[in-house]
Amino acid sequence: MAAPCPPPPPDPQFVLRGTQSPVHALHFWKGAQAQGHPVLFSGSQSGLVHVWSLQTRRTVTTLDGHGGQCVTWLQTLPQGHQLLSQGRDLKLCLWDLAEGRNAVVDSVHLESVGFCRSSILAGGQPRWMLAVPGKGSDEVQILEMPSKTSVCALKPKAEAKLGMPMCLRLWQADCNPRPLLLAGYEDGSVALWDVSEQKVCSHVACHEEPVMDLDFDSQKARGISGSAGKVLAVWSLDGQQALQVRGTHELTNPGIAEITIRPDRKILATAGWDHRIRVFHWRTMQPLAVLAFHSAAIQCVAFAADGLLAAGSKDQRISLWSLYPRA
């Protein structure tokens, strides 16, 4: 007797249109969600940040701070109503969105025009840490914010030949306050930096192509990276801070623009150059769904705190999906 066919993948719960430009960055605003009004930020190739109400499914406001240059990264700060946006205009803007405001209150000049997105490490404190692509092509600059004080520049040894940093993830272990940085590089490797010591703790070759994005589960000390090639790499970090590749998963088509693990650490989603969103079980890496709605490359994926998945594409649309509801 033939095995039953798996059910077809669902359609999006709804679709946001109106960016009139390819979508390169997405971020859910947790602060707004706590007030019962889920808000999604999207960054477009035209340099605009659209602020979407997911109740009305319309744009609430549009932020224009990058002079028509592509917005590549969006992140809210945990305290207050502040948004960071990074653009190809070599500028990182800090927006004040409190009480209906939408003003740039500060900015950081970036030294690198590459594709590398920034990363923050922020608790409830007024001071927070920012990692940005640095002045040298292989450097990562660490700043203390909001003073913009330079903490250090993380530069691999010349003989390492890692190339440009392509993606960054600042974090700290629960048992140790020392800030750590995971960086994916042009040569396909992932490195763990001790920021305070300015040294590489560990380094592992994961891909034959440049690492395009990575995400890290600090509770399980496991991470995942995707590249310009066909392979997803799962790696772990042991008690001695040594990285080790645990397994790989081969995709049908090459090219991953972004990877994100859902906040409950049950599933993850990838943004594919082949127009597809792929969803996996995080613990087992079992493929759960291939979502083929978009007509061009997926550039970004993001999860809301309640598990809603958003995907942004070169086709100028943002799809929202309700998959495998959180228990």
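The following legends describe close-up views of a predicted model.

Local features are reported at pLDDT of at least 70 and side-chain atom pairs only at pLDDT 80 or more, while totals for chains, interfaces and linings use all residues. Residues are numbered from 1 along each chain as its sequence is written, and side-chain values use heavy atoms, with hydrogens and water left out.

**View 1. The interface of domain 2 and domain 3.** By an automatic or database domain assignment, the protein chain comprises domain 1 (20-110), domain 2 (113-250) and domain 3 (254-281 + 288-319). The C-alpha centres of domain 2 and domain 3 are 22 Å apart. Contact (heavy atoms within 4.5 Å) involves 19 residues of domain 2 and 14 residues of domain 3. Between them the two domains bury about 1,300 Å², 60% of it on carbon and sulfur atoms; buried area is the accessible area (1.4 Å probe) that two parts lose on being put together, summed over both.

**View 2. The salt bridge between Asp217 and Arg265.** A salt bridge places a side-chain nitrogen of Lys or Arg within 4 Å of a carboxyl oxygen of Asp or Glu. The rule finds one across the interface of domain 2 and domain 3. The Asp217 and Arg265 side chains form a salt bridge at 2.7 Å, N to O.

**View 3. Gln141 in strand 12.** Strand 12 spans residues 140-145; strands (E, at least two residues) are DSSP runs, numbered from the N terminus. Gln141 is buried, at a relative accessible area of 17%, where buried means under 20%, exposed over 50% and partly exposed in between (1.4 Å probe, protein chains only). Beyond its neighbours within four places in sequence, the residues in contact with Gln141 include Leu130, Val132, Pro133 and Cys152.

**View 4. The salt bridge between Arg127 and Glu144.** The side chains of this pair meet at 3.6 Å, N to O. Arg127 is exposed, with a relative accessible area of 58%, whereas Glu144 is partly exposed at 28%.

**View 5. The salt bridge between Glu197 and Arg178.** The N to O distance is 3.0 Å. Glu197 occupies the loop between strand 16 (189-194) and strand 17 (199-205), and Arg178 the loop between strand 14 (165-171) and strand 15 (180-185). Glu197 is partly exposed, with a relative accessible area of 46%, and Arg178 is also partly exposed, at 29%.

Note on methods: Helices (H or I, at least four residues) and strands (E, at least two) are DSSP runs, numbered from the N terminus.
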